[in-house]
Amino acid sequence: MSKSINKISSTAVPVHLENVDTDQIIPARFLKATTREGFGDNLFRDWRYNSDGTPKKDFVLNNPTYSGKILVAGKNFGCGSSREHAAWAIKDAGFDVVVSSFFADIFKNNALNNFLLPVTVSEEFLQQIFAAVEKDPKTTINVDLETQTITADGKSESFEINNYKKTCLLNGYDDIDYLLSIKPEIEAFERKHLAI
């Protein structure tokens, strides 16, 4: 399965809450696993399930009306502790993109390192996306990493991304893959400087 991300065209799941911290994304009691698999089952665990394990009907991830590869979240998403498991849980739950008007820096970096694209939009555009998706859950959002644009409900906005991380996402590279991809340039640099 390819890890690369370029164009994502999908419906979305709206989590219309601000200041969502990493303990709400994946509670600390689920951090004992040593692999990245299985975290998606506990994404937003305490909001999603009752103490007896039954789903809470009023939480959006339990509503079959909403689905897709894009999670739309309120301002200040991923604040709190620096756990990388938050990105693992979102990715493992089937999301490739998270849209918000502000991400905590550590969460944003963890997301990028785990092939989860955090797209930062203006607060106004974020509210337009929420309104469109909540009005019609079949609304398609288009994210184009190459051109760094996001389009929803006929409106588009540009988003910023670090060039190095953009290259990695477009090619499905982790840091080691990237170094291997430029191995000839590294070797040429070494030969040139050893000759001096």
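1. Phe 115 is buried, because its relative accessible area is 8% (buried means under 20%, exposed over 50%, partly exposed in between, with a 1.4 Å probe and protein chains only). Its phi is positive, about 60 degrees, although Phe 115 is not a glycine. Look for Phe 115 in the loop between helix H4 (105-113) and S5. Helices (H or I, at least four residues) and strands (E, at least two) are DSSP runs, numbered from the N terminus.

2. A word on the source. This is a predicted model, in which local features need pLDDT of at least 70, side-chain atom pairs count only at pLDDT 80 or more, and totals for chains, interfaces and linings use all residues. Residues are numbered from 1 along each chain as its sequence is written, and side-chain values use heavy atoms, with hydrogens and water left out.

3. Asn 19 also has a positive phi, near 55 degrees, and is a residue other than glycine. Asn 19 sits in the loop between S2 and helix H1 (22-25). Is Asn 19 buried or partly exposed? Asn 19 is partly exposed, because its relative accessible area is 44%.

4. Now the sheet. Four strands form an open sheet, ordered S2-S3-S4-S5, with parallel pairing. Strand S2 (12-15) and strand S5 (117-120) are the edge strands, and each pairs on one side only. Neighbouring strands of this sheet are turned by 20 degrees against each other on average, direction ignored. For that angle, axes are lines fitted to C-alpha atoms, for helices over the stretch in contact, and angles run from 0 to 180 degrees between N-to-C directions.

5. Strand S3 (residues 70-73) and strand S4 (residues 97-100) run parallel and are joined by three bridges. Two strands pair if DSSP finds at least two bridges between them. Which residue of S4 stands opposite Leu 71? It is Val 98.

6. Next, the salt bridges. The structure holds five of them (a side-chain nitrogen of Lys or Arg within 4 Å of a carboxyl oxygen of Asp or Glu). Asp 144 forms one with Lys 7, and the closest N and O atoms are 3.6 Å apart. This pair links distant parts of the chain: Asp 144 is in strand S6 (residues 141-144) and Lys 7 in strand S1 (residues 7-10), 137 residues apart. Asp 144 counts as buried, because its relative accessibility is 15%. Lys 7 counts as exposed, at 59% relative accessibility.

7. Asp 23 and Arg 83 form a salt bridge, with the closest N and O atoms 2.9 Å apart. Asp 23 lies in helix H1 and Arg 83 in the loop between S3 and helix H3 (85-92), so the pair ties together parts 60 residues apart in sequence. Asp 23 is partly exposed at 36% relative accessibility. Arg 83 is buried, with a relative accessible area of 15%.

8. Arg 29 and Asp 46 form a salt bridge too, the closest N and O atoms being 2.5 Å apart. Arg 29 lies in the loop between H1 and helix H2 (45-48), and Asp 46 in helix H2, so the pair ties together parts 17 residues apart in sequence. Arg 29 is partly exposed at 45% relative accessibility. Asp 46 is partly exposed, with a relative accessible area of 38%.

9. One network remains to mention. Salt bridges link Lys 69, Lys 91 and Asp 96 in a network.

10. Last, the cysteines. How many disulfides does a search of the whole structure find? The search finds zero (a disulfide is a pair of cysteine sulfur atoms within 2.5 Å). Cys 79 counts as buried, at 16% relative accessibility. Cys 168 is buried, with a relative accessible area of 4%.
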